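Dear colleague,

I am handing over a structure for you to look at. Please open it first, and then read the notes below alongside it.

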Amino acid sequence: MPQGERRAKQAYTRGLSDYERFMSYVDTSDGPDACHPWGRYINDTGYGEFDVTENGRQRKHKATRWLMGYLRGKELGPDEEVMHEVCDNPPCLNRRHLTVATHAENVADMVRKGRGYKGKTHCKRRHEHTPENTYIEPSTGRRQCRACWAVRREEKRAARSTPASGAVTQAAST
Ligand SMILES: [Zn+2]
Ligand SMILES: [Zn+2]
């Protein structure tokens, strides 16, 4: 966008509501069924970010969360996530492509679609990727195996207890 045009747009957006400003950053030019990519800052996980002034303070929102919270009139809770049910395209903000789901539902959906671990059904330690055993990092969308966490915890504990075993023997001999 040329400088002059950008300045004109900034001046114009000053009188807009948050929602109107939000939508002015969304590219809907490919039609109502296409993806509507975010035209402002996109973070390194591919999601758009939207700054809103709330009670005199700037607050950064994930664009998908802000939009879905606004549309239903209530901010998303900590256990709720926005899924790109149709397109799997993180910067997309077409509300027809978006659904709000709880974290557990989101994981179940990924597992059902064979996503997560690139469609593999088991992790490298042969734990099955069930919804219960899968954790998705909310910020990155990366999948983790919960059973592996337990294994790694055990390994760490075993490593720690090895030098301590001498002390135990000593204690037992007294
Ligand atoms: Zn989309
Ligand atoms: Zn595992």
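Findings

Aspartate 88 is found in the loop between β3 and β4, where helices (H or I, at least four residues) and strands (E, at least two) are DSSP runs numbered from the N terminus. The model is a predicted one, in which local features need pLDDT of at least 70 and side-chain atom pairs count only at pLDDT 80 or more, while totals for chains, interfaces and linings use all residues. Residues are numbered from 1 along each chain as its sequence is written, and chains are lettered from A and ligands numbered from 1 in the order in which they are written.

Phi of aspartate 88 is near 55°, a positive value in a residue other than glycine. Aspartate 88 is partly exposed, having 14 other C-beta atoms within 10 Å; by the cut-offs used, a residue is buried if 20 or more other C-beta atoms lie within 10 Å of its own, exposed if 12 or fewer, and partly exposed in between, with C-beta atoms placed from the backbone. A positive phi is also found at arginine 126, near 70°, in the loop between α4 and β5, and arginine 126 is exposed, with 8 other C-beta atoms within 10 Å. Most residues other than glycine have a negative phi.

As for the overall arrangement, the protein chain has five helices and six strands, which follow the pattern α-α-β-β-α-β-β-α-β-β-α along the sequence. Of the 174 residues in the protein chain, 17% are buried.

Helix α3 (residues 63-72) has Ala63, Thr64, Trp66, Leu67 and Met68 buried, and these buried residues pack against α2 (18-24), β1 (49-54), β2 (57-62), β3 (80-84) and β4 (98-102), a contact being a pair of residues whose C-beta atoms, placed from the backbone, lie within 7 Å. The helix is followed by glycine 73, whose phi is positive, near 85°. Leaving out residues up to four places away in sequence, leucine 93 touches Val26, His36, Trp38, Gly48, Ala63, Thr64 and Leu67.

In helix α4 (residues 103-112), the residues Asn106, Val107, Met110 and Val111 are buried. Seen down the axis of α4, its buried residues fall within an arc of 135°, so they line one face of the helix; the arc is that of the directions from the helix axis to the C-beta atoms. They pack against β3, β4 and β5 (134-136).

β1 and β2 run antiparallel and are joined by six bridges, two strands being paired if DSSP finds at least two bridges between them. These strands form a hairpin with two residues between them, and asparagine 55 in the turn has a positive phi of about 50°. Glutamate 54 has arginine 57 of β2 as its bridge partner.

Finally, glycine 46 is found in the loop between α2 and β1, and its C-alpha atom is separated by 5.6 Å from that of proline 90, 44 residues apart along the chain.

With regards

Notes:
Two residues are in contact if their C-beta atoms, placed from the backbone, lie within 7 Å.
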